[in-house]
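The points follow in numbered order.

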Amino acid sequence: MTLDAVEPLAVDPLLDDPGTRIIVCCGSGGVGKTTTAAALGVRAAERGRKVVVLTIDPARRLAQSMGIDSLDNTPRRVKDVQGDGELHAMMLDMKRTFDEIVEAHADPARAKAILTNPFYQSLSAGFAGTQEYMAMEKLGQLRAQDEWDLIVVDTPPSRSALDFLDAPKRLGSFLDGKFIKLLMAPAKMGGRAGMKFLNVGMSMMTGTLGKLLGGPFLNDVQTFVAAMDTMFGGFRTRADATYRLLQAPGTAFLVVAAPERDALREAAYFVERLAADSMPLAGLVLNRVHDSAAARLSAERALAAAEHLAEEGPERDAGAAADRSVEDSAGENLDGRRIVDQEAGKAGDRGPGDSSPDADGSPNQSQGVDSVDRLTAALLRLHAERMQVIARERRTRERFTALHPEVAVTEVAALPGDVHDLAGLRAIGDRLAAGASPTGAA
């Protein structure tokens, strides 16, 4: 299937629909998810909706582009938004979100014991999948507040786009795992019997785990597990609830990708996963697409023209020299002394390669023409390289389209630099909505 046959992604109807309550921008890292999410938020707010954008971007470019000094775990109002809507933005603080969960679901004494526990501090700051899980926790919190018409989520910059969907299950598997159950057993049994059970269990699992972990660390883990025991079920329950929220009709997934093989392969995996999990896909945002205003000039013709100009220069120089020889001979027949004197004088005044006037007083144009030809040839070669990039990107997109012809697509062209302000985000929103004629980048 060709790109012309692909259904365009209708961005504005998606943003205007009051039934759309959550838009999740997902994809592999480095494809422009953050800017896409921010541009969608700006456009939706300026079309009258009350929007919050949740980003997990460590570069903090979102705050800069929205004119906010900094973003944190609390939504902050964005100024200078046009229209009747509102735009708020926030950046996920993974550890603070984890702390909020503990504080909300444990009594003060137990919460303090958990928050000061060394193992908890390590877990909340860097456990594999914690960032993705906390992003879903924060999404669930925002949706439960029912304060926003639309929540736009910029998913974490994970190695794989699937990490966002897999994180709750991974954390659930960790909480349900044999290791955690084994550590919970001593607290339930208590006393020496508990420690004996723990030691036996550890021996059965690895035989050397206690030596590898060390006694203090093992005690920290056991204390953490005992304090968190009553909260484990809550983690699983909320994760399941947020997962169902992602499957609900009010949610729309936008897969963001660059027109590159790896990014579109990742996008294809994500599209297939969304379908398998019955999650609503709105379409594909194809970012940083290259285009040319002179697309009718093919790479082959441009290269051929460049080669012709490169070959024409020496031939023109030889022809010009022959013409001058004939003219000089004719001049000598008329006034040989004058021609010889003029050439001798000018040879002394200018060195080799000088572009001063010719012997008859007319400008020396051969070198000027050569300079123009060299510049033209270089530009033609650059155009040929660009057309080759465009052709490669088109083939890559068509392979994706052949696999997933049902996915609506909008294209956004590459810009020479990043977007740094609201005006830039507004322009990106315009281009996202235009879709078929990319002239800007996310």
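1. In this predicted model, helix 2 (residues 33-46) and helix 17 (residues 422-434) have axes that come within 8 Å and cross at roughly 85 degrees. An angle of 65 to 115 degrees counts as roughly perpendicular, which means that helix 2 is roughly perpendicular to helix 17.

2. The contact between these helices involves, on the helix 2 side, Thr35, Thr36, Ala38, Ala39, Leu40, Val42, Arg43 and Glu46. Their counterparts in helix 17 are Leu422, Leu425, Arg426, Ile428, Gly429, Asp430, Leu432 and Ala433. By class, the contact of helix 2 with helix 17 comprises nine nonpolar, three polar and four charged residues.

3. Two aromatic pairs are present in the structure. Phe98 and Tyr120 form an edge-to-face pair, with 5.1 Å centre to centre and 75 degrees between the planes. Phe98 belongs to helix 4 (residues 94-105) and Tyr120 to helix 6 (residues 118-126), so this pair ties together parts that are 22 residues apart in sequence. Both Phe98 and Tyr120 are buried.

4. Phe253 and Phe270 form a tilted aromatic pair, at 6.3 Å centre to centre and with 50 degrees between the planes. Because Phe253 lies in strand 6 (residues 251-257) and Phe270 in helix 14 (residues 261-276), the pair ties together parts that are 17 residues apart in sequence. Phe253 counts as buried because its relative accessibility is 0%; Phe270 is likewise buried, with a relative accessible area of 0%.

5. Where does the charged end of Lys50 sit? The charged end of Lys50 is placed over the ring of Trp148, 5.5 Å from the ring centre.

Terms used. Residues are numbered from 1 along each chain as its sequence is written. This is a predicted model: local features need pLDDT of at least 70, side-chain atom pairs count only at pLDDT 80 or more; totals for chains, interfaces and linings use all residues. Side-chain values use heavy atoms; hydrogens and water are left out. Axes are lines fitted to C-alpha atoms, for helices over the stretch in contact, and angles run from 0 to 180 degrees between N-to-C directions. Helices (H or I, at least four residues) and strands (E, at least two) are DSSP runs, numbered from the N terminus. Angles under 35 degrees count as roughly parallel, over 145 as roughly antiparallel, 65 to 115 as roughly perpendicular and the rest as oblique. Contact means heavy atoms within 4.5 Å. Ala, Val, Leu, Ile, Met, Phe, Trp, Tyr, Cys and Pro count as nonpolar, Asp, Glu, Lys and Arg as charged, and the others, Gly among them, as polar. Rings of Phe, Tyr and Trp (its six-membered ring) pair if their centres lie within 6.5 Å; planes under 30 degrees apart count as stacked, over 60 as edge-to-face and the rest as tilted. Buried means under 20% relative accessible area, exposed over 50%, partly exposed in between (1.4 Å probe, protein chains only). A charge sits over a ring if NZ of Lys or CZ of Arg is within 6 Å of the ring centre and within 35 degrees of the ring normal.
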